[in-house]
Amino acid sequence: MFKKALEQYSDEALMRELIKGKQQAFGVLYDRYGPRMYRYFYRMLWQDAGKAEDFTQELFLKIIEKPQSFDPSRNFCTWLYTLAANLCKNEYRRKKPCELAELDQGVLFENFSEKMDQHLFDQQLRRAIDQLSANHRQCFILRYQEEQSVAEIAAIIGCPEGTIKSRLHYALQQVSQHLEAWKTH
Amino acid sequence: MDTKIEDWAMYKDWSALNRTEQAQVLAQMSQGDYQRLHQHLQEIKALDEAVQPPAQLRARLVGQLAVQEKMGRTQLWWKRQVPLWQAAAAILLGVLSTFWISKSEPKVIAPTVVQVRDTLLREKIVWRERIVQKTRVVYRDRDSIQLILNNPKGVSLEDAPELLGLFTQAEK
């Protein structure tokens, strides 16, 4: 019954409850953001389900261990994405360049003679996104897949809005070109 | 491209745009381009949308929260974060108490003086020179005087052994 009442709370109010020691608030927050953050990590970390699980766990453990680190005057969603973006940034640094290069070696038009089904299209789209640089991919995923606004992305990454817009424009152009080229084949 | 048009393309089909919006779009791109952009954005958004985290992840995190809560009550009390004002108040109290202690009268402790006397013995040895004068009367015998008189230049002890008696007598 108390959980139902908590579901009406805003994210920031739930964090305040969690700081006070109400464990049920965490459950509600996880239900709201757990799958979303898992998908974000999955998309950002080359569709690696194991990594996505580890990173989601690490992210929510930060909330469990130090809920006080959240400033209730800030937007919770932006704060959570900032933590997640930093985790991804560290992973990109740790990842060996050869491992990243392997991702780029995929031929865009391989299996083009096969039936154009959804699976193949998704594969091509993923490749097109993975071929973007880390900065462009991050902006692209946050905007077009996570549906964050430009201002929110600027707050998450810590860049001016103009830079974000420029990155988004370039990234969308690149991905669209890949998709168009693939579709015309 | 205008961000506004991009926003529309994310959520609205061409037919969902009103006339003003359509006019703004047409000023920048064709209807076909807009429709393609809308389709791409829909496909991008739908990509991996069905991916879900494993169910045990939630249970694991909730379990971790319960453990954390338990530890927080017992073992981790020293790790608890203290508000800034409390920390500042504690420091101020410490400084004031130090100041108060230093201001209070120091306890006077009377020194206990113990006098110990000892005897010093100085010994001075004085040496005095004493001149001992020995006086002895030597009587002249006739022979030796006669010999001296006979030899005014002197005579050796080899030639006159009786002279030796003069010396030996003096020693005695």
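Two residues are taken to be in contact if their C-beta atoms, placed from the backbone, lie within 7 Å. Helices (H or I, at least four residues) and strands (E, at least two) are DSSP runs, numbered from the N terminus. By these criteria, A:Q138, A:C139, A:L142 and A:R143 in α8(A) meet A:I153, A:I156 and A:I157 in α9(A). By class, this contact of α8(A) with α9(A) has 5 nonpolar, 1 polar and 1 charged residues; Ala, Val, Leu, Ile, Met, Phe, Trp, Tyr, Cys and Pro count as nonpolar, Asp, Glu, Lys and Arg as charged, and the others, Gly among them, as polar.

The structure is a predicted model, in which local features need pLDDT of at least 70 and side-chain atom pairs count only at pLDDT 80 or more, while totals for chains, interfaces and linings use all residues. Residues are numbered from 1 along each chain as its sequence is written, and chains are lettered from A and ligands numbered from 1 in the order in which they are written.

**Confidence**

The predictor gives the complex an ipTM of 0.77 and a pTM of 0.64. The per-residue confidence of the predictor is pLDDT, which runs from 0 to 100. Chain A has a mean pLDDT of 84, with 86% of its residues reaching 70 or more. Over residues 100–109 of chain A, pLDDT stays under 50, and the model has 11 contacts beyond four places in sequence for this stretch. In chain B the mean pLDDT is 80, and 80% of the residues reach 70 or more. Among the elements of chain B, helix α2 (residues 19–26) has the highest mean pLDDT (92), and helix α7 (residues 164–171) the lowest (64).

**Composition of the chains**

The secondary structure of chain A comes to 10 helices and 0 strands, and that of chain B to 7 helices and 0 strands. From the N terminus on, the elements of chain A run α-α-α-α-α-α-α-α-α-α; along its sequence, chain B follows the pattern α-α-α-α-α-α-α.

A residue is buried if 20 or more other C-beta atoms, placed from the backbone, lie within 10 Å of its own, exposed if 12 or fewer do, and partly exposed in between. On this basis, 32% of the 185 residues of chain A count as buried. Of the 172 residues of chain B, 7% count as buried. Among contacts in chain A between residues at least 6 apart in sequence, 57% join residues at least 24 apart.

**Helix pairs in chain A**

Angles under 35 degrees count as roughly parallel, over 145 as roughly antiparallel, 65 to 115 as roughly perpendicular and the rest as oblique. A crossing is left-handed if the near helix is turned anticlockwise from the far one by less than a right angle, and right-handed if clockwise.

| Helix pair | Axis separation | Crossing angle |
|---|---|---|
| α4(A) and α5(A) | within 10 Å | roughly 130 degrees |
| α8(A) and α9(A) | within 10 Å | roughly 140 degrees |

The angle between α8(A) and α9(A) makes α8(A) oblique to α9(A), and their crossing is right-handed.

Helix α5 of chain A comprises residues 76–94. α4(A) and α5(A) are likewise oblique to each other, and the crossing of α4(A) and α5(A) is right-handed. The contact is made by A:F55, A:E58, A:L59 and A:K62 of α4(A) and by A:L83, A:A84 and A:L87 of α5(A). By class, the contact of α4(A) with α5(A) has 5 nonpolar, no polar and 2 charged residues.

**Positive phi angles in loops**

Where does A:W46 lie in chain A? A:W46 is placed in the loop between α3 (23–44) and α4 (49–65). Its phi is near 55 degrees, a positive value in a residue other than glycine. A:W46 counts as partly exposed because it has 18 C-beta neighbours inside 10 Å.

A:E147, another residue other than glycine, has a positive phi near 60 degrees. A:E147 is found in the loop between α8 (134–145) and α9 (150–157) of chain A. With 12 other C-beta atoms within 10 Å, A:E147 is exposed.

**The interface**

In the complex, 24 residues of chain B are in contact with 30 residues of chain A. On the side of chain B that touches chain A, α3 (31–46) and α4 (55–73) of chain B each supply at least two residues. α4(B) gives the most to this side, with 10 residues. By class, the side of chain B that touches chain A has 12 nonpolar, 6 polar and 6 charged residues.

Conventions:
Axes fitted to C-alpha atoms, helices over the stretch in contact; angles between N-to-C directions.
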